[in-house]
Every structure is written in structure tokens, then in C-alpha cells.
Amino acid sequence: MIRYPNGKSYQPIQQIGTKKRISGESSYSNRGMTLEADLNETNQYYLVNGIAVIHKKPTPVQIVNVDYPKRSAAVIKEAYFKQSSTTDYNGVYKGRYIDFEAKETKSMTSFPLKNFHDHQIEHMKQVEKQGGICFVIISAFGSVYYLPASDLFFFWERQQQNGRKSISKDELMEAGHLMTLGYSPRIDYIKVVETLHFSDESAQQLRSKKV
């Protein structure tokens, strides 16, 4: 049996038959896929097509009970998922380090900041300090948003100063970048990365070539 840090047992997600995606689909809820599954398929698309190399970081597991029915075999009877010390995904795109967290909420009015931990915020700040591209992908209000880490830091520090303990729906819609859901890739977050971090650089390179 594998357990989470809070002691609850881990129940594998039952895979629902893949649904054909309809062009123009606007709601992310009730799509038969989890955010993690969609991101994993997106990353596989990036890898196969030579766009980017992004992987999900493995969750560390602490084994507490092992049975040895045979000398040549060991059976794990009980284990716990350790709390992740960093973020969910990392990799590289056009020579730049990419690091991001993926979060979901069922609330239809706000995104609770309790979904993050101090050590994750600190990790993201360190990544940005070193010139990496850091952000959060949030599934909320029936849509998926790309929220730059710098904006997350603002909301986090506001909370630390006894302010609001969540990001309101209006705030997320204003600060975040709404991502249109597609078939392949499913969640094209690299498109937002390109717009935010490479558009000006590309334009500058073109101007320098003309000089």
C-alpha cells in the first residue's frame, strides 16, 4: 500500500476512454482526462516533434514495509509519497531552462494559495534568479491558465502580509494567460513561453541581421 504524506492511501486514477476533442471546445471540466495526463501527452508531443524536452519529476517514495516471499523477490507492502521539494516539471526549450508547477481547483470563485508550499515558492524564486523560465499551469473555472511565477509571487507575498489567501477568479483571468485547448498538443504552453520570452529576442535578432 502506498500512502500520501497525510496518511491517505493512494488510489490509482481509472483511465477513462479518450474522448475525441471538438474544435472550439471551451470547457476543461468533464473532459475525461486529468491535467497531469494532458500535460504528459503535451510533453510527449514536444519531444517527438523536436520542440522541447520537458519531463515530469518523479515523486520520491519512502518504503516502510517490505516482504520477502522469496530470496530473489521483494514485495513492497507499505510506502509513502514524500512531499515534493520543488515543482512538477522541468526541462529545456531553445536553450532556456523551463520549470513549472501544475495545479487544479474545483472552486468556481477563487484559486486557494494553500495549494503551494513555502519551499516550492522559494525554489521558483531561485530558478528565476538564475535566468530560468518559471510559471504555473492552473486548471480552474473550466479553463486552463498559464500564470508567470512573478505574478504568483505577488499573490503569495500579499498572503504573507495577512492579505487574501487566494487568487480571485478575476485576478487569475487578468494576470494569467488563457490557453486554448487543442488535440495535439493538448495544452500548448510553449506557445505562451515563446510569446513572453522569445518574441522580442527574435525580433532583435532579425534587426541585427539587417544591419
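Visitor: What should I keep in mind about the model?
Guide: The model is predicted, so local features need pLDDT of at least 70 and side-chain atom pairs count only at pLDDT 80 or more, while totals for chains, interfaces and linings use all residues. Residues are numbered from 1 along each chain as its sequence is written, and side-chain values use heavy atoms, leaving out hydrogens and water.

Visitor: Why is Lys114 called exposed?
Guide: Exposed means over 50% relative accessible area, buried under 20%, and partly exposed in between (1.4 Å probe, protein chains only). Lys114 has 69% relative accessibility, so Lys114 counts as exposed.

Visitor: What makes strand 8 mostly covered?
Guide: Strands are DSSP runs of E with at least two residues, and helices are runs of H or I with at least four, numbered from the N terminus. In strand 8, 8 of its 8 residues are buried. Ile133, Phe135, Ile137 and Ser139 point one way, and Cys134, Val136, Ile138 and Ala140 the other.

Visitor: How do you know that strand 8 and strand 9 pair?
Guide: Two strands pair if DSSP finds at least two bridges between them. Strand 8 and strand 9 have 6 bridges, in the antiparallel sense, so they pair.

Visitor: What makes a nonpolar core?
Guide: A nonpolar core is a set of buried Ala, Val, Leu, Ile, Met, Phe, Trp, Tyr and Cys residues joined through side-chain atoms within 4.5 Å. The largest one here has 23 residues, and Leu39, Phe100, Phe135, Ile137 and Tyr189 have the most contacts inside it. Helix 5 gives the most to this core, with 4 residues.
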